[in-house]
Amino acid sequence: MTKHGYEGLLIVIEGTDGSGKSTQLELLKKYIQAQSYGVMVSEWKTSRLIANVIDDAKDRNLLNATTYSLLYAADFADRLENQIIPALKSGFIVLLDRYYYTALARDVVRGQDIEWVKNLYDYAPEPDLVFYLDMPVDVLLKRIIGTTGLDFYESGRDVGFSTDFYKSFEIYQKKCLEQYNNMKSEYNFKSIDGTLPIKTIHNIMSDEVQTILDSGILY
Amino acid sequence: MSKLTEKHNYKGTLVCVEGIDGSGKSTQLALLRDWLKATGQDVIFTEWNSSELISQTTKLAKKKNMLSPRTFSLLHAVDFADRLKQVIDPALKAGFIVLADRYAYTAFARDVARGVDAQWVRNVYNFAIKPDLAIYFDIEAKDAMERICSNRAPKFYEAGMDLKLSNDPYESYMIFQGRVIKEYQKMVDEFGLVKLDAMDSIHSKQVAIRTMLKEVLNSKGVNLND
C-alpha cells in the first residue's frame, strides 16, 4: 500500500535553492520513464493562475509574511487538487520539485507560527519518498551567485535581517537550513549530501526508487 | 490560539456586517458611515475581496470556474490578510472606526457551505482581529432571493452552482444559501455575532446599530454628539 492510499507514487525532492533539485529530478524522471512507468513532474509555484500573481506581487514588493504564506498555499492547493491527486489516482509516479516542507521552512523563518502553517497544508498526502539535498550554506551561496544571482525574497530581504544582500542571504538560508534540519526526522527525509557528484546522488536516489518499484506496490 | 476570540487593544474600533447578499448589510453600513462622518469621526471602509493584490485574480478564476473550494478559500484569505495588514490594522492603530462589509465570518459561512472543513478555515483566519461589534443580518433564503433576483436569475457562485446541487439556479440557490445561513446562525453563539432581523425596517435596524455602536464607543471614552 502506498502511504497516501492512491494508486500512484508520490516522490519529493526537497532542498534549498541551488541544491541541485532540478538536475536530479530530470535524471530520476528519465530513469523511471525508461521502465515504462507514467511519470508526471510538478514544480513549486507553477499553478496556472496563482504563480503569476506571486511573481507580480514579488516584483512590486507587495507581500507581507501572511499573504506570502497564503498565496503559496493557494498555489499548492490548486496544483494538488488539479494535477497531483488526479495523477496519483490514475497510477502515475508523481515527481515533485519541493513540497510543503519548503513552505514550512520559509514561512517559519518569516515569523509565522509553525502550527498555523502546518494547518494550511494538513490535507496534503504523505509522500512515499522524500529526498532532501543537504548543502552547506557556503556552497549554496557560491552556486547561486554564480548562476541566477541573489533574488530579493530568496535572500529574505523582505524579512529585514540585513540590508546587505550577501549578509541577508546568508542569514536567511542558514535559518531555512535549520528548519529543514528540524524536519528531517519528523517527515522521514532521506537526506543526501548535496556536495556529492551528480551521478552519485542519482544512484542513491534511483536505488531507493527501484526498491519501491521492485516491491510490486505498483502494477 | 485565535485572535478572533481575544479582545483587541487598539485605539480604534472595528465594526463588521455579515449576512448573505440581499440581507441589507451594505445599505446599513452606508447609512452608518455617513452618520459617523457627519459627527466628525475618522471612518474608513473596507469590503470583502477588494485588495489590489488578488481580487482581480479571484474574480477571473470565478469566471472560469477553475479552482477548488479550498483554493478559493485560500485566495479569499490572501485578500483578507492583505487588507488586514494594509488597511484595517494601521487604521485601528491610528484610532479610526473601521467599517468592514463582510469579515472572516463570511469565509466561515461560505467556505464551509462549499465543503471546506470548519476548523481548518478557522485556523487559516486565526490572525484576524476580533471586531468590537459584529452584526449578522438574518434572512431566509427565499426572502433574499426575492430581493436580489427580482429581475435576474441567481449568479453562478451565489447559487452555489459549482457544487452541482441542482441544475436549476433557483433551486440550487435555495439549497446553497440555506447552508450558508445555517453556518451564520451557528456563529451567533460561537463568536458573539449580534443577530438582527433583516426583514425589519431600514430605520429600526439603523437605530439598533447606532445604539450598539454608541455603547461600544462610550466604553472607549468616545462620545458622539448628534
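Which residue in β3(B) is the bridge partner of V17(B)? In β3(B), that partner is D101(B), and the legends below lead up to this pair and beyond.

Before you look, note that this is a predicted model, in which local features need pLDDT of at least 70, side-chain atom pairs count only at pLDDT 80 or more, and totals for chains, interfaces and linings use all residues. Residues are numbered from 1 along each chain as its sequence is written, while chains are lettered from A and ligands numbered from 1 in the order in which they are written.

**View 1. Chain B as a whole.**
Chain B contains eight helices and five strands; here helices (H or I, at least four residues) and strands (E, at least two) are DSSP runs, numbered from the N terminus. Along the principal axes, the C-alpha atoms of chain B fill a box of roughly 55 × 35 × 30 Å. Of the 226 residues, 45% count as buried (20 or more other C-beta atoms lie within 10 Å of the residue's own, with C-beta atoms placed from the backbone). The mean pLDDT of chain B is 94, and 99% of its residues reach 70 or more; pLDDT is the predictor's confidence in each residue, from 0 to 100. The model scores ipTM 0.89 and pTM 0.92.

**View 2. The open sheet of chain B.**
Five strands make an open sheet in the order β2-β3-β1-β4-β5 (chain B), with parallel pairing; two strands pair if DSSP finds at least two bridges between them. The edge strands, β2 and β5 (194-197) of chain B, each pair on one side only. Neighbouring strands of this sheet are turned by 20° against each other on average, direction ignored.

**View 3. Strand β3 of chain B and its partners.**
Four of the five residues of strand β3 (residues 97-101) of chain B are buried, so this strand is largely enclosed by the rest of the structure. Strand β1 (residues 13-18) of chain B is joined to β3(B) by five bridges, and the two run parallel. Here is the pair from the opening: V17(B) with D101(B). Strand β2 (residues 43-47) of chain B also pairs with β3(B) in the parallel sense, over five bridges. In that pairing, look for I44(B), whose bridge partner in β3(B) is V98(B).

**View 4. Strands β4 and β5 of chain B, with a helix.**
Strand β4 (residues 133-138) of chain B runs parallel to β5(B), and four bridges join them. Here D138(B) stands opposite D197(B) in β5(B). Helix α8 (residues 202-219) of chain B packs on the sheet and touches β1, β4 and β5 of chain B; its direction makes about 165° with that of β4(B). For such angles, axes are lines fitted to C-alpha atoms, for helices over the stretch in contact, and values run from 0 to 180 degrees between N-to-C directions.

**View 5. The sheet of chain A.**
Chain A holds eight helices and five strands. Its open sheet has five strands in the order β2-β3-β1-β4-β5 (chain A), and the pairing is parallel. The edge strands are β2 (39-43) and β5 (190-193) of chain A, each pairing on one side only. Strand β4 (residues 129-134) of chain A and β5(A) run parallel, joined by four bridges. L133(A) stands opposite I192(A) in β5(A). Helix α3(A) packs on the sheet, touching β1 (9-14), β2 and β3 (93-97) of chain A, and its direction makes about 160° with that of β2(A).

**View 6. Where the two chains meet.**
At this interface, 18 residues of chain A are in contact with 21 residues of chain B (C-beta atoms, placed from the backbone, lie within 7 Å). The elements giving two or more residues to chain A's side are α2 (50-59), α3 (65-89) and α5 (114-120) of chain A. Of these, α3(A) gives the most, with nine residues. The residues on chain A's side divide into eleven nonpolar, four polar and three charged. Ala, Val, Leu, Ile, Met, Phe, Trp, Tyr, Cys and Pro count as nonpolar, Asp, Glu, Lys and Arg as charged, and the others, Gly among them, as polar.

Methods:
A residue is buried if 20 or more other C-beta atoms lie within 10 Å of its own, exposed if 12 or fewer, and partly exposed in between; C-beta atoms are placed from the backbone. Two residues are in contact if their C-beta atoms, placed from the backbone, lie within 7 Å.
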